[in-house]
Amino acid sequence: MYLLRRPMLALSTRTGVRDAVTAAPLTGRVVERFIAGETLHDAVTAVGRLHDAGLAVSLDHLGENTVDRAGADATVQAYLDLLDGLAVAGLVGDAEVSVKLSAVGGSLPVGPDAPSGGAAVARENARRIAAAAYGRGARMTLDMEDHRTVDDTLETLAVVRRDHPDVGVAVQAMLRRTPGDLAALTGPGSRVRLVKGAYDEPDDVAFTERAEVDLAYVRCLQLLMAGRGYSMVGSHDPRIIDIAGRLAADHHRPPARWEHQMLFGIRADEQRRLVAQGRRVRVYVPYGTDWYGYFMRRLAERPANLAFFLRSMVGGR
């Protein structure tokens with residue numbers, strides 16, 4: 001099923017396929033495994049359950065490649081409403097929000113909506129969300145998208161960190177440039193989330209074979225743990241989880257200086273097992289109506305996810 005990864009990732013951007021999948025009557029119950037829900041109430045309820053289990057959270061209001069300023073502004077408002085909702089529920093402390101720059105204007109062309117281009121719009125919107133998050137006692141991490149967005153994301157990170165030095169950023173081990181980026185990102189006070197990567201990238205900028213990506217991840221993890229910032233290990237792979245624990249010990253990192261990060265609905269038992277061992281675990285909680293792209297990338301990442309989806313679509317579990 002790993003051979004289906006690239007076709008699945010290609011389908012994640014196809015409007016016609018999206019419409020067919022989202023309209024399928026059986027899709028909803030599968031999506032519920034990976035998405036906390038479509039509403040703010042759904043998200044806050046999910047956070048409450050995870051909090052009760054000793055798990056921290058990173059919340060993603062789903063959506064990417066916003067096509068107009070109104071859509072970007074709506075996404076920003078959704079994050080502000082989310083932070084208010086968490087504060088009212090007493091759940092905002094130690095929470096973070098994860099923000100894709102393309103969702104808050106990064107993809108806008110130069111024009112009336114973005115006189116200086118989408119990057120400038122996204123930068124200002126990221127600053128607004130960060131101010132709201134830190135003002136309420138939460139944090140923010142910038143999600144990384146495909147390789148074409150890396151430079152803009154890191155430039156935005158530098159701007160937002162002027163006011164909030166520990167704003168986090170995700171980096172993708174599959175990109176060949178990542179070891180060099182990590183050297184500049186892991187200074188004192190930094191927060192970096194290392195993931196394998198979930199986009200369909202060309203061979204000249206990324207490792208694309210599973211074994212290559214796994215090796216690249218371990219090399220990057222060594223750099224991350226050797227750095228002076230806070231390390232966030234985004235992986236469900238049992239081998240990576242074991243290696244992370246050993247590297248943390250080798251670099252004398254106590255539990256307060258690093259954490260595991262896992263996705264909502266994937267290996268929930270393992271998340272709780274690690275918490276019981278005294279590890280710090282943060283769950284990435286996506287919610288919202290624009291779930292198709294995220295959902296397809298989750299199917300492409302792991303054969304078990306795709307098999308689960310196919311079984312459900314034919315009526316099984």
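## Aromatic pair

In this predicted model, the structure contains one aromatic pair. The ring centres of Tyr284 and Tyr294 are 6.3 Å apart and the planes meet at 10 degrees, so the pair is classed as stacked. The cut-off behind this assignment is a plane angle under 30 degrees.

The two partners belong to separate elements: Tyr284 is part of strand β8 (residues 281-287), and Tyr294 is part of helix α12 (residues 292-301), so the contact ties together parts that are 10 residues apart in sequence. Tyr284 has a relative accessibility of 8% and therefore counts as buried. Tyr294 is likewise buried, with a relative accessible area of 3%.

## Charge over a ring

A contact of another kind involves Arg176 and Phe207. Arg176 lies over the face of Phe207, at 4.4 Å from the ring centre.

## Positive phi angles

Most residues other than glycine have a negative phi. Against this background, two residues are described here.

Asn65 is not a glycine, yet its phi is positive, near 55 degrees. Asn65 is located in the loop between β1 (56-61) and α5 (69-88). The relative accessibility of Asn65 is 45%, so this residue counts as partly exposed.

Asp94, also not a glycine, has a positive phi of about 70 degrees. The loop that holds Asp94 runs between α5 and β2 (96-99). With a relative accessibility of 32%, Asp94 counts as partly exposed, because that class covers values between 20% and 50%.

Technical notes. Residues numbered from 1 in each chain as written. Predicted model: local features only at pLDDT ≥ 70, side-chain atom pairs only at ≥ 80, totals over all residues. Heavy atoms only, no water. Phe/Tyr/Trp six-rings, centres within 6.5 Å; stacked < 30°, edge-to-face > 60°. Helix = DSSP H or I, 4+ residues; strand = E, 2+ residues; numbered from the N terminus. Buried < 20%, exposed > 50% of the residue type's maximum accessible area, 1.4 Å probe, protein only. Lys NZ or Arg CZ within 6 Å of the ring centre and 35° of its normal.
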